[in-house]
Amino acid sequence: MAALWGAWRCFRSQPGLCRIGRALSSGKSEYDLLVIGGGSGGLACAKEASQFGKKVAVLDFVDPSPKGTKWGLGGTCVNVGCIPKKLMHQAALLGGSLKDAQRYGWNISHPVNHDWSTMAKAVQNYVKSLNWGHRVQLQDKKVKYFNLKGRFVDAHTICGLAKGGKEILFTAENIVLATGGRPKYPSNIAGAQEYGITSDDLFWLKKSPGKTLVVGASYVALECAGFLTGLGLNATVMRRSIPLRGFDQQMAAFVTDYMEAYGTRFLKKCSPTKVKKTEHGRLRVTWKYADSGKEKSDEFDTVMWAVGRAPDTQTLNLEVAGVKTNPATGKIVVDAREATSSSHIYAIGDITEGRPELTPTAIAAGKLLARRLFGQCTDLMDYDNVPTTVFTPLEYGCVGLSEEEATGRFGPDHIEVYHAFYKPLEFTVAERDAAKCYIKMVCSREKEQRILGLHFIGPNAGEVIQGFALGIRCGATYSQLMKTVGIHPTCAEEVVKLHITKRSGADPTVTGC
Ligand code: FAD
Ligand code: NA7
């Protein structure tokens, strides 16, 4: 049997010839599970499936960015997302800590400079170690890894294309699509792709990006502009509408107000119209204001587009497998079991319609899917109350509904919003500005006041929100929270002390212990 399937696998030198092997596709599939995409979701699903003694393979392939940046196994989060982003955010925070340190008595000789190349090399080396770690884990768990770009030949057959053009055919009983997404470039702006970069490139730059324009205002844009500013670079955010669409807008305004007060320049209600290279090798960007129609321009060293991400579904040849996508987004339509319109083909993570684009949700969905497929498990992924954090200079963490969502869903008379402006103790001696350190908790107004959403701006926001997310998942109420003893002195204790309602109009500034 093994010999038969060895013969079945065709190894060819010309792309497109995979189709020839199709006649052999009767009989048992080679793999119990084949995963296309070795990122957060795909790797988690493959490793989990292998625990059930199943024969599992993962195909992962990274197309270089238009600027030629490429990376290894692990997907977006590891290579061009969460990990390098958080490390560069940390590098920026350390700059702030150096300033604080002097107030705390440390003698720091001046001038203090940041060296991009040193940081980038250290971050990139760490990412490479993670690439290696993923390969080792797959090997340990007996998951076969192929550095191939997958596409459907038919509903049970995948053709994997190697860098050099060679192809391998695979058959599988179950197929999981986890190919994630890639940053978009705007299509109608002259010079956008020729001269601009995206987050796929930023983290792999060997030299400092210098004066940078970041176009877009969602969390990728703000986080990147935030750490560039924190590293001492001149960073501008160009936004055409609201910041952090989808997040609580009062919190979003505090996040961007703080960034603006601490050095990030914001160009508002405008969009770029062209990018040109100057004779000195800089980039001249022209933009237009939506209200007045006036045009302005400025020179930058780097232009980074953070104008959204597109799911990597176009080259999968989904039609032959009967997998439906939403034509408006290109994302794969899945049901609560992550099943696509083709019953043995599943999709998880960023390529799926209507799911949060976050690593922990992709991982959890992948693991649960594997357990449902091969274990006795029937649990479905619950995408409600997923906590997240925006790693801007002043971090913003949240879980549950925004004030707007809660108001829209239940009506203003049926929700109670508790809030507080507080001062982190660390900020006092350091004489830091805490004007935007703010907590908001949205509760139902019924007797026990179930907590619907929690929003926190301040240091270590992710660490603060993570624990409360458990409470909210378990249906915590305001009265239970009030019985929770705080940990003193911390920022998180301010959550369990919230007592001023927005409705009261009282000053929510915390004074004293
Ligand atoms: P991915 O991790 O993108 O993996 C998909 C893999 O499939 C890639 O390796 C891709 O090259 C490969 N592939 C694509 N097509 C094929 C094919 N045809 N054949 C074989 N392989 C293929 N999330 C958080 O939770 N926290 C954060 O702080 C955070 N920060 C982020 C910062 C940035 C700048 C970005 C861009 C994203 C961030 N995210 C964050 C989101 C997170 O990275 C994604 O939600 C997550 O990586 C999605 O996982 P996935 O498995 O769906 O896909
Ligand atoms: P998002 O979340 O889709 O946001 C895109 C941002 O870019 C948003 O602020 C848009 O403004 C703006 N945008 C979109 N097109 C343009 C053009 N043409 N010109 C100017 N501004 C534009 O994308 P991200 O890449 O930041 O993040 C995607 C996901 O990746 C995110 O959920 C993370 O999980 C990781 P708008 O609000 O539409 O006016």
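Trainee: How do the residues of the shell around ligand 1 divide into nonpolar, polar and charged?
Mentor: This is a predicted model. The shell around ligand 1 holds 37 residues, with Asp60, Phe61, Thr76, Lys85 and Asp350 coming nearest. By class they divide into 17 nonpolar, 13 polar and 7 charged.

Trainee: Which element gives the largest share of the shell around ligand 1?
Mentor: Two or more residues of the shell come from each of α2 (40–50), α3 (75–80), α4 (82–103), β4 (149–154), α8 (219–230) and α11 (359–374). The largest share is 4 residues, and the element that gives it is α3.

Trainee: Which residue has a backbone N or O atom 2.8 Å from an oxygen atom of ligand 1?
Mentor: Leucine 358 has a polar backbone atom 3.1 Å from an oxygen atom of the ligand. Tyrosine 219 uses an N or O atom of its side chain, 3.4 Å from a ligand nitrogen atom. The backbone atom at 2.8 Å from a ligand oxygen belongs to aspartate 350.

Trainee: What share of the accessible area of ligand 1 does the protein cover?
Mentor: On its own, ligand 1 has 1,000 Å² of accessible area. Of this, the protein covers 95%.

Trainee: Which cysteines form a disulfide?
Mentor: A disulfide is a covalent bond between the sulfur atoms of two cysteines. The structure holds 1 disulfide. Its sulfur atoms are 2.5 Å apart, and they belong to cysteine 77 and cysteine 82.

Trainee: Is the link of cysteine 77 and cysteine 82 left-handed or right-handed?
Mentor: The angle about the S-S bond is -135°. With that value, the link of cysteine 77 and cysteine 82 is left-handed.

Trainee: Which cysteine sulfur is nearest to that of cysteine 443?
Mentor: Cysteine 443 is buried, with a relative accessible area of 0%. Cysteine 443 is in no disulfide, and the nearest cysteine sulfur, 15 Å away, is that of cysteine 398.

Technical notes: Residues numbered from 1 in each chain as written. Chains lettered and ligands numbered in written order. Predicted model: local features only at pLDDT ≥ 70, side-chain atom pairs only at ≥ 80, totals over all residues. Heavy atoms only, no water. Disulfide = S-S within 2.5 Å. Buried < 20%, exposed > 50% of the residue type's maximum accessible area, 1.4 Å probe, protein only. Near = heavy atom within 4 Å. Polar contact = N/O pair within 3.5 Å; in protein donor to acceptor, adjacent residues only side chain to side chain. Areas by Shrake-Rupley, 256 points an atom, 1.4 Å probe, with all protein chains shown as cover. Nonpolar A, V, L, I, M, F, W, Y, C, P; charged D, E, K, R; others polar.
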